[in-house]
Number of protein chains: 2
Amino acid sequence: MTNIRKVAELAGVSVATVSRTLRSPDVVSPATRDKVLQAVNEAGYKPNLMAVRFRSRRTHNLVVLVPTIANTFFARVISGIQEAAQERGYGVLLCNTNGHEETEATYASLVTTRQADGVIQLRAYNPFPEDADSDGTPLPMVNACEVLDDAPCPTVKLDNRAAARLLTEHLLALGHRRIGMIKGPRRSPLTRDRVAGYRDALEAAGIALDESLICPGDFTPRSGYEAAGTLIARAEPPTAIFCESDEMAIGAISCLKQAGLAIPGDISVAGFDDIDFASYSDPPLTTIAQPAEAFGKQAVAMLIDVLERRHQGEPHRMLPHELVIRGSTGEPAT
Amino acid sequence: MTNIRKVAELAGVSVATVSRTLRSPDVVSPATRDKVLQAVNEAGYKPNLMAVRFRSRRTHNLVVLVPTIANTFFARVISGIQEAAQERGYGVLLCNTNGHEETEATYASLVTTRQADGVIQLRAYNPFPEDADSDGTPLPMVNACEVLDDAPCPTVKLDNRAAARLLTEHLLALGHRRIGMIKGPRRSPLTRDRVAGYRDALEAAGIALDESLICPGDFTPRSGYEAAGTLIARAEPPTAIFCESDEMAIGAISCLKQAGLAIPGDISVAGFDDIDFASYSDPPLTTIAQPAEAFGKQAVAMLIDVLERRHQGEPHRMLPHELVIRGSTGEPAT
DNA sequence: GAGCCAAATGTAACCGGTTACATCACACCG
DNA sequence: CGGTGTGATGTAACCGGTTACATTTGGCTC
């Protein structure tokens with residue numbers, strides 16, 4: 001392995017000069033710089049980054065904790081993270097937690113064992129009960145997408161409440177009065193905000209909330225399929241269903257069609273996320289578009305700001321959403 | 001930062017003893033072992049893994065080169081990689097190449113700069129023209145899913161030719177004689193094998209190949225949508241379409257329905273991969289199921305075998321496929 | 001009791017960089 | 001001409017572990 005000493009020898013200078021030539025070229029004279037660079041080339045020298053990082057106490061790696069990468073939305077967020085990280089010279093260590101908190105804790109320890117500089121978590125769960133490293137310094141972390149209420153770190157999220165309200169208002173405007181909701185797992189702040197937005201809209205329209213129209217799911221098509229089955233089995237079934245993810249909406253549609261219902265003729269369905277498949281569903285899904293890649297990029301930018309001690313201003317950001325109206329929602333049957 | 005010397009001091013032993021207690025507990029006496037472990041606990045000591053790895057010249061990281069993580073199939077493969085790697089104590093450095101070869105080369109250099117021990121690539125592209133490190137040692141690499149013909153490394157793939165033949169035979173058995181194909185990008189070995197399987201089946205059935213029925217796509221729903229449009233605009237349109245991915249099949253179905261065609265009444269559609277959405281499409285997709293997660297696990301196992309010099313036997317593996325018949329294929333209209 | 005061996009532990013070199021500090025050459029000034 | 005400041009380079013300590021080799025200890029044999 002060619003190391004810095006070989007290069008130094010080859011160039012006839014000291015190792016310090018080689019190091020300086022590569023790290024801060026401006027402090028060495030042009031003549032030596034050329035000599036060193038030529039020697040570097042000749043020797044095919046590449047610095048051993050493990051050594052560099054060990055010495056500089058910076059790994060240039062970010063851990064990403066994601067509940068499941070198999071979810072289309074998260075896949076897009078990760079794409080954004082990946083791209084932004086690469087641009088700034090950071091690597092991405094992926095951790096698919098599958099919701100196991102212990103797995104998350106394991107991966108978060110990558111930071112305390114100096115394998116990564118910081119954590120981006122895409123789920124509201126604080127893997128650090130103490131919220132601090134053993135020596136009291138807070139863990140560099142950014143919380144994106146699903147955000148803790150009192151997150152002790154920068155956050156990026158959607159205004160889920162406003163978005164859910166917007167979508168519900170769209171359904172109300174079409175004339176729906178009984179609107180079902182397939183929400184996410186209980187206890188999730190994201191779901192809670194969206195349910196709040198749904199309530200806001202109903203309340204503003206003077207419609208009483210019917211708890212029996214709210215069904216939990218887990219963001220998979222299967223859970224949407226099952227929840228839709230439950231909803232239409234009600235004595236007074238809804239005329240529209242608001243699903244908290246496009247995946248669940250697609251599952252729901254599959255169930256409704258099998259039950260012989262026309263969409264949106266008999267029942268309207270709306271989703272959330274605007275994944276690729278939303279446009280190709282039959283009928284195409286009305287949904288809330290989220291800037292998934294932007295979440296990733298923003299999260300990386302914020303985390304690196306923290307890491308590089310550029311603590312400027314407001315660490316909580318909201319990204320914009322947009323209502324995309326397609327064919328799966330329409331006026332209720334009279 | 002608590003380091004090994006503090007622990008040694010606390011336990012009243014030398015640093016070597018501490019190191020040995022943690023790495024090879026069997027060579028230290030039970031009494032000292034207990035002393036050391038207690039000191040480790042007391043000090044809240046965690047080894048600095050950057051130092052460990054630097055010294056031991058093993059990063060315990062694997063780079064994964066993936067064309068696009070936004071593809072559902074790859075997301076599942078990565079899930080498998082992730083899980084298997086974690087089990088064996090390796091981290092996963094993700095590289096979403098978006099098909100840019102230069103990006104791949106950048107990431108592959110993570111290995112030469114000692115940031116990762118090996119590479120798993122999910123696409124047939126050799127980022128190392130020289131196929132070797134500068135000092136002549138071959139790069140630890142495994143090629144999975146889409147595999148180079150003459151891959152100089154272990155590989156895991158599907159028997160794409162047989163799978164495509166199987167699916168085509170299913171369509172032939174239903175009575176189809178004009179079968180369109182929406183394939184992947186040109187030059188891809190994966191696509192070439194699948195086209196070969198399609199040909200095999202047609203040939204065996206005594207049907208002449210009509211090149212105009214083969215349309216290229218890029219595995220996205222959009223490209224499936226567009227290719228389907230092209231196919232049905234032919235003078236003699238096909239009565240069935242075989243898509244090389246479920247994503248494209250879903251796009252194709254969307255296009256066909258918009259054109260007023262019933263599926264499978266007027267035209268059958270089959271996919272490949274058996275992604276989650278395949279079951280929830282309308283109609284549900286007939287497709288070839290691939291063990292996506294197993295690809296990931298297998299690739300990790302093989303790569304670690306290479307890394308740990310356990311070079312045993314046959315380094316090329318095929319995973320099984322399965323024809324899943326659902327509602328999107330049926331007999332042609334008479 | 002001397003001699004020997006094995007097991008347990010300590011000492012210190014080493015991995016490959018970075019960087020604080022020392023050194024040196026040289027120009028400029030009063 | 002001595003003093004001083006500046007820019008370029010060299011020397012060597014250091015990061016936090018691992019491990020080859022040296023040393024110590026104690027049990028066993030003859």
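User: Why does B:C145 count as buried?

Analyst: The model is a predicted one. B:C145 has a relative accessibility of 7%, and buried means under 20%; therefore B:C145 counts as buried.

User: What makes A:C243 count as buried?

Analyst: The relative accessibility of A:C243 is 0%. The cut-off is under 20%, so A:C243 is buried as well.

User: How many disulfides does the structure hold over all chains?

Analyst: Over all chains the count is 0 disulfides. For A:C243, the nearest cysteine sulfur belongs to A:C215 and is 10 Å away. A disulfide requires sulfur atoms within 2.5 Å, so A:C243 is in no disulfide. For B:C145, the nearest cysteine sulfur is that of B:C153, at 13 Å; by the 2.5 Å criterion, B:C145 is therefore in no disulfide either.

User: What makes β1(A) and β3(A) a pair of strands?

Analyst: Strand β1 (residues 61–66) of chain A and β3(A) share 4 bridges in the parallel sense. Pairing needs at least two bridges, so these strands pair. In β3(A), A:Q121 is the bridge partner of A:L65.

User: Which strand do 3 bridges join to β3(A)?

Analyst: They join β3(A) to strand β4 (residues 141–144) of chain A, and the two run parallel. A:N143 in β4(A) is the bridge partner of A:Q121.

User: Which residues show that both faces of strand β3 (residues 118–121) of chain A are covered?

Analyst: A:G118 and A:I120 on one side are buried, as are A:V119 and A:Q121 on the other.

Conventions:
Residues are numbered from 1 along each chain as its sequence is written. Chains are lettered from A and ligands numbered from 1 in the order in which they are written. This is a predicted model: local features need pLDDT of at least 70, side-chain atom pairs count only at pLDDT 80 or more; totals for chains, interfaces and linings use all residues. Side-chain values use heavy atoms; hydrogens and water are left out. Buried means under 20% relative accessible area, exposed over 50%, partly exposed in between (1.4 Å probe, protein chains only).
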